[in-house]
Amino acid sequence: MTYVEFLLLGLSAGAVYGLLGLGLVLEYRGSGIVNFAHGAMAMFIAYVFYDLRRNGSLFFPLPPFMPNQLVLGSPMDTLPAAVISLAYALILGFVCYVVIFRFLRTASSLGKVVTSIGLMLTLESLAQLQFGTNAQTPPAILPTTAINLGPELIVPQAAVDMTGIVIVVGLVLWAIFKFTRFGLATRASAETEKGATLVGLRPGAIACGNWMIATVLAGASGILLVQITALSPTVYTFLIVPALAVSLVARFESFGAVVIAGFVLGMLESEVTNFQQMWSWVPQGAQDVLPFIMILLAIAVRGSVLPVRGQLQELRLPKVPRPKNIGVVTAACVVVGLIGLFALSGNWRYGLEVSLVWGFICLSFVVLTGFNGQISLCQLATGGVGGFTMSHLAASAGVPFPVDIIIAGLAGTVLGTLIGLPAQRARGVSLAVVTVAAAVTIDSLFFSNTAINGGFVGSKVPKLSLFGLNLDIRTSNVHDFPRPWFGVVVLVLLALVGLSVANLTRTPTGLRMLAVRANERAAAAVGINVAGTKLYSFMVASFIAGVGGALLGYQQGVLSESTFGPFVSVSFLAIAFIGGIGQVRGAVLAGIFLATGGLMSALLDSAINFGPYLPLIGGVAVMASAVAYPNGMAGAPPPPPVVALGRKIASVVGRPGSPVPVTVTAGIPKQVSQNEFVVPEAPAAISPDGAGPPRGRLGAETRETRNRSDSSSSAEEAGR
Amino acid sequence: MSGTTAAPPVLLSVAGLRVRYSGMVALDDVSLDVRAGEIFGLIGPNGAGKTTLIEAVSGFLPDAEGEVTFDGAPLRGLRPDQRVARGLGRTFQSLELFEDLTVRENLYVAYARPTWWHSVLDLVRWSRWPAAARQAVDDALELLGITQYGDDLPSQLPNGVRKLVAVARAVAGNARLLLLDEPAAGLETSESLDLGQRLRGLASAGTSLLLVDHDMGLVLSVCDRVHVLDFGKTIAEGTPEEIRASSAVVAAYLGTDAESGSL
């Protein structure tokens, strides 16, 4: 009887998955966006609800140093709190669509994925800043009684209620889509936006409406979730994975299938926890594997599962410039890096070393996502496999540096190959779904296993030494920390691998990766083995990630689960994207400016104690960047003061090797689209690439790729 | 190579090709032979199944029934890229250029076929295009008369040039037989004539062509033999003169597509 009982217990979780899934389907059908922030929205509304119930105050999505709470009075009852929260959700959905997602109709899948990740990071860090990371247990909202179904078979009243709610919601949505004008219009514009526009529908308004309903459903899921699990930012946010699984099974289309798949998943998960109690060999975290299996099955059965939407315009992919003078530029960067490592000290030097490590890891995204267009949200999981392999090998077998990091890279490659296999059938957003589920699976099966992560003290990493030279970041003397030699090692590796990656874009292999990214059909038609090329990208990127994970181990001295958790994996795709995912210097910029604990965060921290806000800034920056600068920092027009300075320098010095300066009628060139610049009055001479001097301390590298970046050709065009 | 009497060998042989799209029969028992060195025309009204035939032969429709042999070897079960490796190139009606690769790179990526071993080496060795590759790319550009556009991105080029780039890319792939899907669609008469010249040049350089087009003037003036499809079935095959005189062809065109019926 316990089998049946556990199945019934799973009804509540299943109902929540179904409810979340329904929202995802609405968002996708309304706007073509798979919203990775859907779980975060549920989490956020759950906190709003919690704050109303517990404190009677209304929480606004602002950081704590601003007035972000409106005190309404004493703690509220369930019903008014729920009504206010859902109304709040309605507005949140409206704002999210109008301010952010409205602009993504012509963005690439990558841009869409990254933007929703940005929203996820933003909501998550807002909740963390306000309420902390500890789990909260708000009072139950549904009756906690149980129904007796027979001898030794009881089912909680709440599970029955929640089941009823999700079935009713599913039926209502089905009826709306079947019988109302709004539903018909949504179906029409999902089929072809152009056609819908031609017959007088407004796809924007339709999408907005769907987003509002979807956010309300997310809010309802969040509020109901309180019934079955304690409220915490990360747990709720990552309920996106089972929600994606059930939506994918339903092809992001059928409401009925979503609800059914939700119940199946919830009940199976519950049954697996039963097995865990019965048989010791069922590993902890096994229930988290089920959504991954569900996703893999859906992909295996259906192939490229998402129905194609009729798009209005061509999609914008991040630029991949073919750099010139790679050797000189790299040498210059190494010199600047060395000066930085020895000139800085304390936290700033440590920040730089952290930045170099993360820059190295971001190279993995450049290869896989930038060059080959494969969206992977589990690169840090790959890095983790490398890192833990290294730490265990070094501890048990005494494998020395640099053999250990190569083995770490190979371990990453093995995992990357396994993940690359489903990538043969899933592309774009579907692949992002597969990989985020893979990240969660790897985390719960391996990284959270104390035999692997070393338990409370973490998995020790040995000292870094080469031929008897101590290159480690620490010595026994605490005042010696951080030593620059570790940074030198990472800098050298970053330079070598960076050279290799930059050079790749000029080789037949690199061009094949770009060709596959641009057009798989055409690639096959010119003789490119598409599947092989994708697998190759996965292998190379995973090798880099594996080595990066090992370097992260040396930097931290100890590895733990949190180093490589799914949240880190997901955020670093976004961070690499803002840096500029199509170029090596984008990875370096991402490491320096955006990585948590990196140079920029060290500077911010010491200047205005702004460290805790960096994730929030990062999240907002991700959204802004994805909307305004699809090519990231590395491809964005330089900020105005730099342009002005650049003009001066260019007019005085000129630039060796560059063509004659072009005069454009330019104040600040404003990029309006990929190849167009709008230039306001003020005539001025700027260098032909419109670059000005390199930004930041990244000297020469900034300059070299800029020569080939598209802002150059655009500025020239504007001058003609 | 071939004497005046003996016909050149068959390069591509299609026998009993049948393709169904969800219930509808797109190609019904079509058979044709393309001989080495010839320009073989494939015409027919809209929906006749011309593009479907190219898709099936180039391996994009793995479920097609019937036998396709190239250079004596059956192609069944081969992926598109494997067919290209055997010398069977194609273009698309919609061109499908790699928009973020320059014209030269578009051609180079079709020319270069790195093995997995080369791909590993590409990670560690300094890359310069080999002289042979440069030469092959330049030759293909010159053959199509688009050398001056080599360093542009395809999106910057006018439509007529883009069409030539698509053909040049297939040529750079060292194809022995090119399947050209409507290379002249949307071109002006003078451009179309010019294209005809260039295709002749290609054929005399040793590449066989299977040419699908709506431009009857082009097809009938450059092709050695012409095959006519209507509703997925063969209705005629012969020299351009024979096709011009065929009553079945005239009926098919006038009956369904009067606009292009000016024979």
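Predicted model: local features only at pLDDT ≥ 70, side-chain atom pairs only at ≥ 80, totals over all residues.
B:Asp71 is partly exposed, because 16 other C-beta atoms lie within 10 Å, a count between the limit of 12 or fewer for exposed residues and that of 20 or more for buried ones. In chain B, this residue occupies the loop between β4 (65-70) and β5 (73-74). Please inspect its backbone as well: phi of B:Asp71 is near 55°, a positive value in a residue other than glycine.

Next, select B:Asp29, which belongs to strand β2 (residues 24-35) of chain B. Here too phi is near 55°, and B:Asp29 is likewise a residue other than glycine with a positive value. Is B:Asp29 buried or partly exposed? B:Asp29 counts as partly exposed, because it has 14 C-beta neighbours inside 10 Å.

Now turn to chain A and select A:Phe401 together with A:Pro402. The peptide bond that leads from A:Phe401 to A:Pro402 is cis, and its omega is near 0°. A:Pro402 itself is placed in the loop between α15 (379-397) and α16 (403-420) of chain A.

Finally, display both chains and select the residues at their contact. How many residues does each chain contribute? Chain A gives 26 residues and chain B gives 29 residues. On the side of chain A that touches chain B, at least two residues come from each of α19 (484-504), α20 (508-518), α21 (520-525) and α22 (530-556). The largest share of that side, 8 residues, is supplied by α20(A). Colouring this side of chain A by class shows 15 nonpolar, 8 polar and 3 charged residues.

Methods:
Residues numbered from 1 in each chain as written. Chains lettered and ligands numbered in written order. Helix = DSSP H or I, 4+ residues; strand = E, 2+ residues; numbered from the N terminus. Contact = placed C-beta atoms within 7 Å. Nonpolar A, V, L, I, M, F, W, Y, C, P; charged D, E, K, R; others polar.
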